[in-house]
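Please keep the sequence and the coordinates at hand while reading.

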Amino acid sequence: MTSTFPNISISTERLVLRPFDEDDVPALAEMMNDEQVIAWTDVGQPFTEDDAHTWITEYAPTERSTGRGLALAVTEFLTQRLVGVIQLARTDWHVRSTEMSYIVAPWARGEGYASEAALATAQWLLGDQKLERIELRTAADNTASQQVAQKIGCISEGVLRGACIARTRTADDTWTEVRTDYIVWSLLPEDLEGAAEQLADTGGFTSYSDWN
């Protein structure tokens, strides 16, 4: 029998993580066309509002219902504005593991939202959901994403050589694909101990621009 994640909302001091709804279509489409998202993800380009609608109404619900993953909209508590995405994928319910990734909109970077959302999700997964392992993969040159992984207590396990396709702008202002390495990170229940305290000791969740 396949296990699935529940439809859940997670609250932090500044954020609410919740299921996507159709009202999120315009903001999601705008976010996915940002240059940093294009560079570090495999999101198809251009990413239209029709694509966003399909992703929200078809792809995300199917991922949850089949037990493969979960997509959470990251919104500001005060404004309810969509500021990012937390996505779980490749979930193995026998091993009790999942892969987590995160995206933050360009207008919301520099606030530490990726760290805050990722840590809250990890605490929920390793606590309430009784998972035993969260895996993150960051492109070798995506230092901001690596900082998020370190900030929430992840341990770097090694490098998958040539396993990632990133994109870079060319001289004629078009995009071309480049092969690079993945850095693999993991977070186990024992790694969470002290992570929140460390964030507080270092000034909280702010200090750098973070994206996927």
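Which residues does Ser-186 touch, not counting residues up to four places away in sequence? They are Arg-133, Ile-134, Glu-135, Cys-154, Ile-155, Glu-157 and Asp-191, where contact means heavy atoms within 4.5 Å.

The model is predicted, so local features need pLDDT of at least 70 and side-chain atom pairs count only at pLDDT 80 or more, while totals for chains, interfaces and linings use all residues. Residues are numbered from 1 along each chain as its sequence is written, and side-chain values use heavy atoms, with hydrogens and water left out.

- Ser-186 is found in strand β8, residues 175-187; helices (H or I, at least four residues) and strands (E, at least two) are DSSP runs numbered from the N terminus.
- Ser-186 counts as buried because its relative accessibility is 4%; buried means under 20% relative accessible area, exposed over 50% and partly exposed in between, with a 1.4 Å probe and protein chains only.
- The side chains of Ser-186 and Glu-157 make a polar contact at 2.7 Å. A polar contact is a pair of N or O atoms within 3.5 Å; within protein, one must be able to donate a hydrogen and the other to accept it, and residues adjacent in sequence count only if both atoms are side-chain atoms.
- Arg-137 lies in strand β6, residues 133-139, and counts as partly exposed at 36% relative accessibility.
- Leaving aside neighbours within four places in sequence, Arg-137 is in contact with Glu-99, Leu-160, Tyr-182, Ile-183 and Val-184.
- The side chain of Arg-137 also makes a polar contact with the side chain of Glu-135, at 2.9 Å.
- Arg-137 and Val-85 are 52 residues apart along the chain, and their C-alpha atoms are separated by 16 Å.

- Helix α3 covers residues 49-65, a run of 17 residues. From its first C-alpha to its last, α3 reaches 23 Å, close to the 24 Å expected at 1.5 Å a residue; the expected span is 1.5 Å times one less than the number of residues.
- At Trp-55, α3 bends by about 40 degrees, the bend being the angle between axes fitted to the seven residues ending there and the seven starting there.
- The buried residues of α3 are Ala-52, Trp-55, Ile-56, Ala-60 and Glu-63, and they pack against α1 (25-32), β3 (70-76) and β4 (82-92).
- Thr-48 caps the N-terminal end of α3, with a side-chain oxygen 3.3 Å from the backbone nitrogen of Asp-50.
- Gly-67, which follows α3, has a positive phi near 85 degrees.
- Helix α4 (residues 113-126) has 14 residues, which should span 20 Å at 1.5 Å a residue; the end C-alpha atoms are 20 Å apart, in agreement.
- Because 13 of the 14 residues of α4 are buried, this helix is largely enclosed by the rest of the structure.

**Pocket and cavity**

- On a 1 Å grid over the protein atoms alone, a cavity is a set of points where a 1.4 Å probe fits but cannot get out, and a pocket is an open set with protein on both sides within 12 Å along at least five of seven lines; lining residues have an atom within 4 Å of a point.
- Grid points are joined across faces, edges and corners, and a volume is the space filled by probe spheres set on the points.
- The second largest pocket has a volume of about 160 Å³, and its lining includes Pro-6, Phe-20, Ile-56, Ala-60, Arg-64 and Leu-72.
- α3 and β3 are the elements that give two or more residues to the lining of this pocket, and α3 gives the most, with 4 residues.
- A search of the whole structure finds 1 cavity of 30 Å³ or more; the largest cavity has a volume of about 30 Å³.
- The largest cavity is lined by Trp-55, Tyr-59, Ala-60, Glu-63, Leu-70, Ala-71, Gln-87 and Leu-88. The elements giving two or more residues to that lining are α3, β3 and β4, with the largest share, 4 residues, coming from α3.

- Most residues other than glycine have a negative phi.
- Gln-80, in the loop between β3 and β4, has a positive phi near 65 degrees and counts as exposed at 64% relative accessibility.
- Arg-96, in the loop between β4 and β5 (97-104), has a positive phi of about 65 degrees although it is not a glycine; at 24% relative accessibility, Arg-96 counts as partly exposed.
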